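Student: Could you walk me through this model, starting with the ligand site? I'd like to ask questions as we go.

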Amino acid sequence: MIELTPVLDDKGDKPLYIQLANYIKQEILSGRIKREEKLPSKRNLSQYLGLSLNTIQSAYDQLSAEGYVDSRPRKGLFVAAIEEDINSNRYYPQISEAKFEQLKANVKIDFNSGKVDLEHFPFPIWRKLTMQSLYADQSEVFNNGDPQGELLLREQIATQLFASRGVRCNPDQIIIGAGTQVLMCLLALIIGKDKFYALENPGFHRTRTVLQDLGVETIAIPLDENGIYVKGLKNSGAHVVYVTPSHQFPFGMVMPISRRMELLKWAEDYKGYIIEDDYDGEYRYKGQPIPSLQGLDTRGNVVYLGTFSKSLIPSIRISYMVLPATLLTKYQEHFTIYKQTVSRLHQNTLYHFMKDGHWQSHLNKMRTLYRKKHAILMSSIKKDFGDKVNVIGENSGLHIVLELKNNMQENELINSALKVGVKVYPLSMYYHNSQECMGSKVILGFGGLSESQIEKGIRLLKQAWEL
Ligand SMILES: Cc1ncc(COP(=O)(O)O)c(C=O)c1O
């Protein structure tokens, strides 16, 4: 039997079954309990730990519901394949390690959704403003700054956010941080680790990882064509929900206003918080602009998360969150001890970049550019794949989901693409339980590719997938 030595507290805040499920989760995530390993039978574990069968059953049910384990009829419970690294060849099981490395080195066209167009980034201006920030603030720039981030930059962000996303906030509500995960970590501390967090399923794996690494309870909520399924949310008992309404990650649907209002009503009725991650809401190709949830919220139930990773460059590592009044008070009382994570130099450079109008003109330029790339992608797909595929989530953002009607498995799609020098990405890793991912689907990001690369990539995929 695998070694399980949980330290459980029967007078603790959380029921014993949750404590046990959490312990097993941590053991799985840390790799101490391996994928495919069989968990002890309920009876054996109950005897071994001196806990009731009911407690063990509930802990196992919880692990099943969250996708950590799969039940195999008459065989028992086995650890599921979770949280894969998309750069590891575990995603390409028919290929040996050596062959995988060779294929990776041969990738010519990479449909990576994390990449943005670098060719049009105004490096000379950025360089000039970096120098200017350094000289202008010589005496100050080497000292620690405000834990929330530079006030001048927060002022710029507040103004731009209102203009472009309808977010209503003052600069005091903004906290800058080096990426969404850093901010999610801080946010979970502010809201509370004892709360239940509902997540879109499929959804952004990095948020899920942060919460699970913190030992926070997460609950997977399914999606329908309008985004998160609010009825499921109501039944889940969650206190907090994380959503990507402008461009659901990864499926790409834009949450319509009716669903937004339903979600806000949930927050009001259940005294819950909504975390709105608006990571690439700047880029929209069809439909009317829909106000951010934060802009529609009149009760102070929404936390707005934004980033410069898509609108500028990902390596700058500047993201931010806008806290409602209740959470701001908690932050100011308990969490200003956490120092600011973004260099003051980069913050000041970005401040000048925004103040001098470069950000707005960069954004306008990128909107036109991505619109063109998106149009090329869609017309290439239509020309080369015809009705052999469905495109999901094509109304906004920098990636689409491609669904093939040829019954090829995700692995086969990825492997055969690699063989012609094209990299496409799995969808299954975004599910709480990767086995829930049905059908032949892959993700294609287009932000970092040129128009001719997009056309060529689609042509090569036609050949690879024999469409
Ligand atoms: C859903 C989602 N949120 C946020 C981000 C941005 O993360 P960060 O601000 O850490 O660069 C991304 C980037 O790919 C994303 O897909």
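**The ligand and its surroundings**

Student: How far is an oxygen atom of the ligand from an N or O atom in the side chain of T180?
Tutor: A polar contact is a pair of N or O atoms within 3.5 Å; within protein, one must be able to donate a hydrogen and the other to accept it, and residues adjacent in sequence count only if both atoms are side-chain atoms. For T180 and that ligand oxygen, the distance is 2.8 Å.

Student: What share of the ligand does the protein bury?
Tutor: Areas here are accessible areas by the Shrake-Rupley method with a 1.4 Å probe; for residues, only the protein chains shown count as cover. On its own, the ligand exposes 400 Å², and the buried share of that is 88%.

Before going on, keep in mind that this is a predicted model, where local features need pLDDT of at least 70, side-chain atom pairs count only at pLDDT 80 or more, and totals for chains, interfaces and linings use all residues. Numbering starts from 1 along each chain as its sequence is written, and side-chain values use heavy atoms, with hydrogens and water left out.

Student: Which residue has a side-chain N or O atom 2.6 Å from a nitrogen atom of the ligand?
Tutor: The residues around the ligand (a heavy atom within 4 Å) include Y242, D277 and K310. The one with that 2.6 Å pair is D277.

**Loops**

Student: What is the phi of R317?
Tutor: R317 has a polar side-chain atom 2.8 Å from a ligand oxygen, and R317 sits in the loop between β10 (302-307) and β11 (319-322). Strands are DSSP runs of E, at least two residues, and helices are runs of H or I, at least four, numbered from the N terminus. Most residues other than glycine have a negative phi. In R317 phi is positive, near 55 degrees.

Student: Which residue does a cis peptide bond join to P250?
Tutor: P250 is in the loop between β8 (240-243) and α10 (257-270). Omega of the cis bond is about 10 degrees, and the partner is F249.

**Helix pair**

Student: How are α1 and α3 oriented to each other?
Tutor: Axes are lines fitted to C-alpha atoms, for helices over the stretch in contact, with angles from 0 to 180 degrees between N-to-C directions. Those of α1 (residues 16-29) and α3 (residues 53-65) come within 8 Å and cross at roughly 50 degrees. Under 35 degrees counts as roughly parallel, over 145 as roughly antiparallel, 65 to 115 as roughly perpendicular and the rest as oblique. So α1 and α3 are oblique.
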